[in-house]
Amino acid sequence: MSKQKMKPIWYFVGLNLLIVGGIIFLVGIYQLIFPPEFRKVLFYVHPNIWWGIIMVIFGGAMFLKTKGK
Amino acid sequence: MEAIGLTIVDWLIIIIYFVFVLGIGFYLKRYTKNQNDFFLAGRKNSSWVAGLAFLSANLGALELLGMTGNTFKYGMYVAHFYWIGAVPAMLFLGIYMMPFYYSSKIRSIPGYLKLRFDEKTRVLNGISFAIMTLLVSGINLYAMALVLHTFLGWNWDVSMWISAITVAVYVTLSGLMSAIFTEIIQFFMIWFGLFLVSVLGIIEIGSLSEIVARINEYSPNISFTTLWSSSSDPTKNGMFIHWAGIVLGLGFVLSFGYWTTDFLVVQRAFSAKNLRAARMTPILASFFKMALPFIVILAGLIAIALSIDPKSGFKLLQDGGQVNYDSALPLLISRYYPPGLVGLGVTALLAGFMAGQAGNTSAFNTVWTYDIYKSVINKKASDKHLLWMGRVSTIIGVGISLITAYWAKSFPSIMDYMQAIFSWVNAPLFATMLLGMFIWWITPDGAFWGLITGMLSSFLMYMGVRFNWFDQSIITLSSVQSDMAANFWRAWWAWLICALVTVGVSLFTKKKPKKELAGLVKGLTPEVYDKNIPFIKKPEFYAIISLTVFIILNIMFW
C-alpha cells in the first residue's frame, strides 16, 4: 500500500496555490468586464488579477517541478 | 462593526483549504506506521521543510493580529520581536545547541533533561509543558472563535468545533508529519494572503517614506518609527522601555527561552533527516523570520498612517470605550481586498489558527506519551502501544483544549494571565538548559530546585503586580513602563533567580560522573560533525549571512 513514494509537500503547496490563484484571477477578470457597484479602495489597480497571476505562476512552477516525483 | 461579507468565491477558497488539510491527513496515514513516523515524522525531512515548519509553528493568527495591533499601539519597537527577539536565539540553537539535542536521539526537550539531569526534572518540565500547552491551545481556540465572530459574524460554537475536529482528525491520522505539512501550507497562505495588504497600503499612501513621515509629523516627541535611537530614554518611545530591558529581557531571556527550549518549535528540527539538516533548520527559519515585519509591522504602520488622516475614513474598532488594536489587520483586509482575495485573507488567518492548534497538539501528544505516560505510568509500553497512545492523547488533548476554550469564554480575564504564561515556564527553563549544556558540574538537584524556584518567582512577580502586592516599578526599574516592558523585565529576573539557585544548589549536591555526560555537555563531547564539508555548505556560513542581514536591518531602521 505504501510502496508508492510519498509526494513532497511542495506538490501540495503548488497545487493549492495554483487552484486558489486561478480562482482569484478569474474573479478579477470577471470584475474587470462587469465592475461591481460597490468598489473597494484601490479597485482600479485590480489586485486580484495580478496577484492571482503571481500565485498561478508560483504555484504552477512548484506543482510541475514536483509532479513526477 | 459590520462583519466582513464573504461571497461564494471566498467560501469556495476556504472550503478548498479544508479539503486540502483533511486530504493530506488521510494521504499521510498510509506512511505512518510506527512511533518514529508519528512523533518524529520519520526523521526524513529536509532543512527547508523542517525550517519552514519551525517558523510556522510559531506563526499563529493571534500573533499576526496581535503584532499588527501592537505596532499600532507601540510603534516599530514591535519589530524587536522578529529581529533581536528571535534571530540571535535561532542561530545559537542551530550552531551550539542542536548537536546535543539531535545527537542524543531524544524525542522531546524533557527527554534531554532526563539524560542530562534526572527523572524528576524531566517529569517536572513535562507536566508544566503539557499544562501550558493545553491552556495556551484552549485559549487560542477561544481567541479564534472570538475573532471569527467579531469580524466575520460566524457562530462561536460552530467555528470552534469545526476547526478543533479538523485538527484532531489530521493530527490523529499522521501525527507530526501532517502537522508539518499543514504548517508549510499555512506559511504560503499567510505570505500570499496577507503581504498584499502591505503592498496595497504603500500604493494608497504613496511610499514607505511617506508612511514614516506622516507618523513622525503626528507624533514628533514619541518615536513610533525607529528601533533603537529613542531607547535610551523610555519616555521617548511608544513602548516606554529602556534598551536594557529589550536586550536583557526580550533579546536574551524571552527569546532564547522560547526559541531554544520550547518543544513546540524545537520538535520540528528533530524531524530533520540528519544533524546538518537539523542545524540548518533554525538558521533557514531566521531569514524568513526577519522578513515577517514586512507583513505585520508594515501593516501596523499603514494602519497608523491611515487613522491619523481623517480623509481616509479608517478607524480602529472600539470595544466598551477601549480601542480594539487587533482589528487593524482585518480592517485593512476589508478595506482593500475584493472577492476571492477576502477568502484568501480569511483562509490565511484560519490556517494560522489551525496550524497553531496542530502544533500545540503534536507537541502535547509527544510529551504526554514519552515524558509522562512511558516515564511514570507504563514503563514497558511497546512501540505499537505508544503509537496508539499518541493518537488517543491527540484526541484527549483537543478535547481538553475545547473545555479550556469554554472556560475562557466564561472568564474572559483569563486571557490576561495567559499572556504571561510563557515567561513562567520558558524563561527559567532556558537558565537550566544553558547551564546544563555548557557547565558539567551543574547537578540534578541544582537543576530541579532552580527550575521550581524560577517558575515560582516568575509567577509570584506577575501575581504581585496584578494584585498590587508591590509596585511594578520594582521589577522594571523605571517610573514609566508598559505591560510589555514588565514582561521583558520579569523574564530577566526569573532567569537570574533560576540561574543563581541552580548554581548555588549545585555547589553543595552530588555531581554526575563526567563519563555519563558525554554527548550532552559542551567540553565533554567531541565535535566531529560537519568537518568534511566545504565552508559554504556549513551551517556556520549561513548563520554568518543571517547575522549580517540582521545587523543591516537594525542599522537601517535605527
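Colleague: How many helices and strands are there in chain A?

Modeller: This is a predicted model, where local features need pLDDT of at least 70 and side-chain atom pairs count only at pLDDT 80 or more, while totals for chains, interfaces and linings use all residues. Residues are numbered from 1 along each chain as its sequence is written, and chains are lettered from A and ligands numbered from 1 in the order in which they are written. Helices (H or I, at least four residues) and strands (E, at least two) are DSSP runs, numbered from the N terminus. On that basis chain A holds two helices and zero strands.

Colleague: What radius of gyration does chain A have, against a compact globule of 69 residues?

Modeller: The radius is taken over C-alpha atoms, and the globule rule is 2.2 Å times the number of residues to the power 0.38. Along the principal axes, the C-alpha atoms of chain A fill a box of roughly 55 × 20 × 15 Å. The globule would have a value near 11 Å, but chain A has 16 Å.

Colleague: What is the radius of gyration of chain B, and why does it agree with a compact globule?

Modeller: The C-alpha trace of chain B spans about 70 × 55 × 55 Å along its principal axes. Its secondary structure comes to 22 helices and two strands. A compact globule of 558 residues would have a radius of gyration near 24 Å, so chain B agrees with it at 23 Å.

Colleague: Which element gives the most to the side of chain B that touches chain A?

Modeller: Here 26 residues of chain B are in contact (C-beta atoms, placed from the backbone, within 7 Å) with 23 residues of chain A. Elements giving two or more residues to that side of chain B are helices H1 (8-29), H8 (156-205), H14 (328-336) and H15 (341-377) of chain B. With nine residues, the most comes from H8(B).

Colleague: Which residues of chain A does Ile184(B) touch?

Modeller: Ile184(B) is among the residues with the most contacts inside the largest nonpolar core, which has 215 residues. Such a core is a set of buried Ala, Val, Leu, Ile, Met, Phe, Trp, Tyr and Cys residues joined through C-beta atoms within 7 Å. Not counting residues up to four places away in sequence, Ile184(B) touches Val49(B), Leu52(B), Ala53(B) and Ser56(B) in chain B, and in chain A Ile9(A) and Val13(A).

Colleague: How many of the eight residues of helix H6 of chain B are buried?

Modeller: A residue is buried if 20 or more other C-beta atoms, placed from the backbone, lie within 10 Å of its own, exposed if 12 or fewer, and partly exposed in between. The buried residues of H6(B) include Tyr112(B), Lys114(B) and Arg116(B), and they pack against helices including H5 (87-103) and H7 (119-152) of chain B. Helix H6 (residues 109-116) is largely enclosed by the rest of the structure because the number buried is seven.

Colleague: Is Leu146(B) buried or exposed?

Modeller: Leu146(B) lies in helix H7 of chain B. Its C-alpha atom is separated by 9.3 Å from that of Met160(B), 14 residues apart along the chain. Leu146(B) has 20 C-beta neighbours inside 10 Å and therefore counts as buried.

Technical notes: Two residues are in contact if their C-beta atoms, placed from the backbone, lie within 7 Å.
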